[in-house]
Amino acid sequence: DHVIVAVGTHQPRIIPFPGHERVIPALDFLKSAKSVKPPKVGKQVVIIGAGNVGCDVACEAYRLGAQEVTLVDIQKPLAFGKEKAAAEALGATFRWPVQTKEITAEGLIDAAGQLIPAQTVIISIGDVPALKFLPETVEVLTVGGAGWIKTDEAGRTSDPKILAVGDVEKPGLATNAHRCAVILVFSARPVLCCRPHRKTARSTSQSCCRCCRRSRCGRCRRS
């Protein structure tokens, strides 16, 4: 009767600068790095996006044979904690502010025309939801070039039969998604549980609600 959309973000965010087709999305790289046939990387690797995921990419690049890894960002890197420490321990360097102008066979060219040599360029600026499967009844907002499901504070969408939670609503930390999931569960209980059932020998009412525990019928007790 109802659907909760919690598919997360799995579509890499790509900036359409010249040469973007040469860039490897971070998620794709990390998946293939852990496969039975890991990818080959150049001796020099540039990672666009210096967050914690970028640091994970740097560590994997070193493991696969890279000798020099540079993480670039348009702002002060957001990487912190053990991920950043692990990347720096292997020799990774951070450069900012760097705005990518073009990717060539020689590497990354920044807005100032300077070349950062690289045989492998990986982009790690986050992922966005892939929402083409949604019906037209669900309103989607376009922010920052990506689509996000519009919801209220309880996770309800413009379609009364569809709810959404997590990164499909807005980008955030896993802890934020967990908190929103708890809120959605409690707010959705009346919608999903409070509906009339046929009276049984155990029934005391026409209604059944596991949320408020009132007028519970045999179906509620079994659940």
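Predicted model: local features only at pLDDT ≥ 70, side-chain atom pairs only at ≥ 80, totals over all residues.
## Overall make-up

The protein contains 5 helices and 14 strands. It has 223 residues, and 36% of them count as buried. Its accessible surface is about 13400 Å², and carbon and sulfur atoms account for 55% of that area.

Contacts can also be sorted by how far apart the partners lie along the chain. Among contacts in the protein with a separation of 6 or more, 53% are between residues 24 or more positions apart.

## Helices H1 and H2

Two packed helices are described by the angle between their axes and the distance between the axes. Helix H1 covers residues 26-33 and helix H2 covers residues 52-63; they pack at an angle of about 40 degrees, and their axes are 10 Å apart. H1 is therefore oblique to H2. The crossing in which H1 passes H2 is left-handed.

On the H1 side, the contact is made by Ala 26, Phe 29, Leu 30 and Ala 33. On the H2 side, the residues are Val 53, Asp 56, Val 57, Glu 60, Ala 61 and Arg 63. Sorted by class, the contact of H1 with H2 has 7 nonpolar residues, 3 charged residues and no polar ones.

## Helices H2 and H3

H2 also packs with helix H3, which spans residues 81-90; the two axes come within 8 Å and cross at roughly 35 degrees. The crossing of H2 and H3 is left-handed.

From H2, the residues in this contact are Asn 52, Cys 55, Asp 56, Ala 58, Cys 59 and Tyr 62. They meet Glu 83, Lys 84, Ala 86, Ala 87 and Leu 90 in H3. This contact of H2 with H3 divides into 7 nonpolar, 1 polar and 3 charged residues. Asp 56 is listed in the contact of H2 with H1 and also in the contact of H2 with H3.

## Val 45 in strand E4

Val 45 lies in strand E4, which runs over residues 44-48. Val 45 counts as buried because its relative accessibility is 1%. Apart from neighbours within four places in sequence, Val 45 is in contact with Ala 61, Ala 66, Glu 68, Val 69, Thr 70, Ala 118, Thr 120 and Ile 122. One of these, Ala 61, is also part of the contact of H2 with H1.

Val 45 and Ala 92 are 47 residues apart in sequence, and their C-alpha atoms are 9.7 Å apart in space.

The peptide bond from Trp 96 to Pro 97 is cis, with omega near -10 degrees. Pro 97 sits in the loop between strand E6 (93-95) and strand E7 (100-104).

Thr 104 belongs to strand E7. With a relative accessible area of 17%, Thr 104 is buried. Leaving aside neighbours within four places in sequence, Thr 104 is in contact with Arg 22 and Ile 109.

Ile 109 is in strand E8, residues 107-110. Its relative accessibility is 19%, so Ile 109 counts as buried, the cut-off being under 20%. Beyond neighbours within four places in sequence, the contacts of Ile 109 are with Gln 99, Thr 100, Lys 101, Glu 102, Thr 104, Gln 114 and Leu 115. The C-alpha atoms of Ile 109 and Val 98 are separated by 9.5 Å, and these two residues are 11 residues apart along the chain.

Key:
Residues numbered from 1 in each chain as written. Heavy atoms only, no water. Axes fitted to C-alpha atoms, helices over the stretch in contact; angles between N-to-C directions. Helix = DSSP H or I, 4+ residues; strand = E, 2+ residues; numbered from the N terminus. Parallel < 35°, antiparallel > 145°, perpendicular 65-115°, else oblique. Left-handed = near helix turned anticlockwise from the far one by under 90°. Contact = heavy atoms within 4.5 Å. Nonpolar A, V, L, I, M, F, W, Y, C, P; charged D, E, K, R; others polar. Buried < 20%, exposed > 50% of the residue type's maximum accessible area, 1.4 Å probe, protein only. Areas by Shrake-Rupley, 256 points an atom, 1.4 Å probe, with all protein chains shown as cover.
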